[in-house]
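Good morning, and thank you for coming.

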Amino acid sequence: MLGKSPWKMAVGATAIALLAAGCGSGDSEESTATSNTVSIGIAEPQHLIPTNTTESNGAEVLASLFYPLVDFNEQNEPVEVAAESITPDKTNTTWTVKLKPGFTFHNGEPVIAQNYVDAWNYGAYGPNGQGGSYFFSSIAGYADLQSKDPDGEEGPQKAPDPKAKKLTGLKAVDDSTIEIKLAAPFASFKSVLGYTVFYPLPKAAFSADGVLAEGFEDAIIGNGPFKMKGTWQHDAQIQVEKVADFKGQVPKIDGITWKIYQEDSAQYADLVAGNLDVQTQIPIESLASASADLGDRFQKSPNSTFQFVGFPTFQKEFSDVRVRQAISMAINRQEITDQVFLGSQTPATSFVSPVVAGYRENTCGDNCKYDPAKAKELYTAAKGPAELKITYNADGPHKAWVDATCNQIKAALGVNCTGVGEPKFADLLTKVEKKEPVGLIRLGWIMDYPLMENYLGPLYSTEGSSNYYGYSNADFDRLVEEGRSAATPEEAIAKWQQAEDILAKEMPVIPLRNAQNVFGYSENVTNVSVDLFQKVNLYEIERTS
Amino acid sequence: MSDMNSVTAAEAPEKLSAQPRRGKSDKNRSLAGDAWNDLRKSKIFWFAVVLVAAVLLMAAWPSLFTSADPNECALNRKHAGPSGGAIFGYDFQGCDVYARTIYGARNSIIVGIASTALAGIIGIIFGLSSGYFGGAVDAVLSRIIDIMLSIPFLLAGIVLSRRLSSDPNDNGLLAVILTLGLLTWTSSARVMRSAVIASKSQDYVAAGRMLGAGPGRLMFRHILPNSIASFIVVLTILLGVNIGVEATLSFLGVGLKGDAISWGIAISEGTGFARVASGPLVWPAVFLGLTVLAFIMLGDAIRDAFDPKLR
Amino acid sequence: MFRYIVRRLLQMVLTFFGATFVVFALVFANQDDPLQALAGERPITESQRLALTERYHLDEGFFTQYGYYMKGLLTGDFGESLTQRKIADLLADAWPTTARLALLALVIAAVIAISAGVFSALRRGGVFDNVTLVATLIILAMPIVVIAPLAQLVFGIQLGWFPPTSGADPSLWALFLPALVLASSVLATQLRVTRTSVAENLRSDYVRTARAKGLSYRRVVSVHVLRNSLIPVITLIGVDLGQLMAGAIVTEGVFNIPGVGFNLVRAIRTEDGPLVVGFVSVLVIVFLVVNLLVDLLYAALDPRIRYE
């Protein structure tokens, strides 16, 4: 038998349990409180290799570790930062990037042109499976770096290695000059270079030519104003500290702790309690109390998020343009932005975000104006379906506004409308691919670089990467392409605006809202601003004491 | 569909206690008769009966309680206070909280009762066989329970609900019931098993066996009625938990779908805005709490009446 | 006794394989497009899809995938997550925190449930009994998605008694509030079962005998009744420990504790098969060990139960 007294055992077990629960704790770090550092909340980044970082959390961290070739000014025009100059040839096909001298990586290596070429080749090479690989597709030779599976994705055969390992369009002319040859002319290519994937990687990143060194991602070495302090503490935090004698713009703080949160609401709780300095996106449920909690430390700034719903072309009941117009007119955008989003988003009446050059207000015209009577008339005339659905992904904050939108449609059109939540976005896409009757699909788009083309191309062109609803219009595709190869950015914008006008007539999607950054900060910091890409401006932010 | 379920539900507690009644019905003063005499005098029993009856009525004919349409919502009434027929005010979407609470009863009650009944039946079969036969049967069944318990609820819940309701027009009710039933029977089975192990070694079982009673008779006539006390407690609690867990499933996008109304959904939606408006959270929660309370009290009262040891 | 333990240990190996197989099958059934799930709303290029599909054998059949996984597991390699992290590292990061949280919750729940349950049973129908009944019902009726944020709001933010979030390597103090929330999910059942069981045993023959022998009421309750009443309660606690570890999903999210529950959710959401199975494998082992201990405790508490 185990023992005469079960009670002693029980007490003993409790004691052991408590001891076990208590051990390993107590070594909390209080040292950061006094130094000149700030803490900023993020979610766990998926990756920190620049060419594999396409979500905003990783991009925010990388912005502290790297110094980009170009950045964007108030008018969202590209300005050289780590680059001395970026100049195209006459046809806008070959671009020459001159680097500023004197920059070094955090390990002491000087930053040379070859560092950029190596990093980009790595990102573009198909078998590396980098998420940002499509950014290099406009550079000559990209197709040769991709492999095709001979018997389709499901087939058992392995794909052969791609034809080439290096982009033919990339060349380090000397230590400070990169020559980029594009596959087709692109007048606004300079803006593209501002994206995260175009950061350089040091020689130390590679263990062999084209092979990343093991563990590099956890202790990444960049060329930016801050360097890693220790390694990436997954799901906990990433600490960075100021680089001594940084050649570029020097930040006013000595370091940043990127605190990792699983949920925005937890982040907000810490912000209010003063355990976190900056939150870049305050959750919807907390908006109502944010002014009371934070006072004037609760602020808004524009960002590039464009929210809309799409009509799947495989559902015939939406093929009549009047049905699409009617549904759009049945939605009271202003009421939803006021009541659901408490003014943190604004009604969208165009097909691109207001932050890009070439944006015109209200290109959607009457189609995006709330007019329940006209909506009902059009809908009845076109014999629109009696049942409508809006499908959304339940892991995002969409239920509230989808339900509200459905209620408005119900009231205006007198049809039944239900919001259907799928567990995640991939489930939604799966259903769309199987051509299931999903109804209207909730979509959103955050730009990669500030150009109209970055909305028009991926969202509405036939081959667009995020054109999940299957919209296709040859005139539109042609105009977008002509805009890309136009001689000047101004001519490009003119073409793109013509393309947008086609959208306004055809209504392949219903523009709903333009989102903003709704951010808050603690009393410890000041001069906080959040840019179009939802990143905190790390060069301006200061500690108050 | 819904009416069928509420009927089985009303009978469920009685079914559990029906065994001893049949066993001794030939006697003048049967156990059931004794129990009924006890129950009649119990205030708690009548209180619980009235509450349960009210909730069942609400689930069956919500229009008896309100004439408002729970699906008529308008954003311009967001979080508005009580007015006219909407005595509980309006929720975030501007829907009538009172009407939605009344209409939410049906889905919540069906989910709670049906999934608990399913869990109870599986639990009895597993627990009883496992505890009674012991040895190899116990080993195999216990390991199956171990496997079930070690599979995270969330994973199995998401997979089951996603795969069980492939029909896009289905509101997901059946999938939720099956998911909850198939995933929550383990605790009742384990409690049943240990109660059976404990009562197996009691004298009356040994006596029954000596008198030549077969395993079926011993299990269902002697051991089950005497082991059922803790089991009923676990089940009535499970009922309350399952009504609430439905909300969690809906929260993850795999629960009731579309415009289905339930207390669980209302509660989880109300939580986010608890600081701004408490009504949409509090009222469905009160109804849910009272329902769970009623079922637990009913279970307690019936058990007390039927358990000869508590006489 | 020794033979019993050996037999149970052998069964454990079988159960372990059974459970990992079932979980692997579930994950496989759940998998539609893990690469898209990982990318979220971003489009993925064909070449990226190709590269990752091959790296993770996503185009293989079920048994081949299971074979790859088991081969790795048996050589001590948990494999790599879809975000290219070593699963062994993820396990080592997440388990200690969750284990501490679950144990603390278990202790809180057991202490409250047993003391309040015994007290209610002794004075059945009294004020204390009725108040605890109603109080536990309120807690029971509230789903954890409600309790956790409300507790954080009230005790963490408004009153400021506890830190609102715990973080990655929390102190016992920072873990207290989430542990309390977690405990509330199992408290009601434990309390009700304790109360019922004690009440039942109070009426049993051996209590009457003991009283007739002249033992004091206090001794009868604290030694005889309690010992017999705790059998079903201990079963429950054993079951609950597993539930607390895997079920801390919402709580870990609200209080920002990067533990097992959080990792499981992320893995399930991103359809990350190896990651799910890795975490569940460890869960299964914990379950099996705890259940063996519970069964052994039976024997210790109830001399009528013998294992051979």
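First, the conventions. This is a predicted model, in which local features need pLDDT of at least 70 and side-chain atom pairs count only at pLDDT 80 or more, while totals for chains, interfaces and linings use all residues. Residues are numbered from 1 along each chain as its sequence is written, and chains are lettered from A, with ligands numbered from 1, in the order in which they are written.

Let us begin with chain A. Its domain assignment, where bounds come from an automatic or database assignment, gives domain 1 (68-212) and domain 2 (303-516). The C-alpha centres of these two domains of chain A lie 33 Å apart. Their contact takes 13 residues from domain 1 of chain A and 15 residues from domain 2 of chain A; two residues are in contact if their C-beta atoms, placed from the backbone, lie within 7 Å. On the domain 1 side, the residues divide into 8 nonpolar, 5 polar and no charged. Here Ala, Val, Leu, Ile, Met, Phe, Trp, Tyr, Cys and Pro count as nonpolar, Asp, Glu, Lys and Arg as charged, and the others, Gly among them, as polar.

Now the strands. Helices (H or I, at least four residues) and strands (E, at least two) are DSSP runs, numbered from the N terminus, and two strands pair if DSSP finds at least two bridges between them. Chain A has an open, antiparallel sheet of 4 strands in the order S4-S5-S7-S6. Why is one side of S4(A) and of S6(A) left without a neighbour in the sheet? Strands S4 (83-88) and S6 (170-174) of chain A stand at the edges, and each has a single partner strand, so one side of each lacks a neighbour there. S6(A) pairs with S7(A), residues 177-181, in the antiparallel sense over 4 bridges, and Ala172(A) stands opposite Ile178(A) in S7(A).

Elsewhere in chain A, strand S12 (residues 255-260) has 5 of its 6 residues buried, so it is largely enclosed by the rest of the structure. A residue is buried if 20 or more other C-beta atoms lie within 10 Å of its own, exposed if 12 or fewer, and partly exposed in between, with C-beta atoms placed from the backbone. S12(A) pairs in the parallel sense with S1(A), residues 37-42, over 6 bridges, where Gly41(A) has Lys259(A) as its bridge partner. With S11(A), residues 237-242, the pairing of S12(A) is antiparallel over 5 bridges, and Val240(A) is partnered by Ile256(A).

I turn to chains B and C. In their contact, 50 residues of chain B meet 53 residues of chain C. H9(B) gives the most to the chain B side, with 12 residues. That side divides into 31 nonpolar, 12 polar and 7 charged residues. By contrast, helix H8 (residues 203-210) of chain B has 0 of its 8 residues buried, so it lies largely in the open. After H8(B) comes Gly212(B), with a positive phi near 95°.

Finally, the core. A nonpolar core is a set of buried Ala, Val, Leu, Ile, Met, Phe, Trp, Tyr and Cys residues joined through C-beta atoms within 7 Å. The largest one has 344 residues, and Ala105(C), Leu264(C) and Val276(C) have the most contacts inside it. H9(B) gives the most to this core, with 18 residues. Beyond its neighbours within four places in sequence, Ala105(C) is in contact with Ala179(C), Leu182(C), Ala183(C) and Leu244(C).
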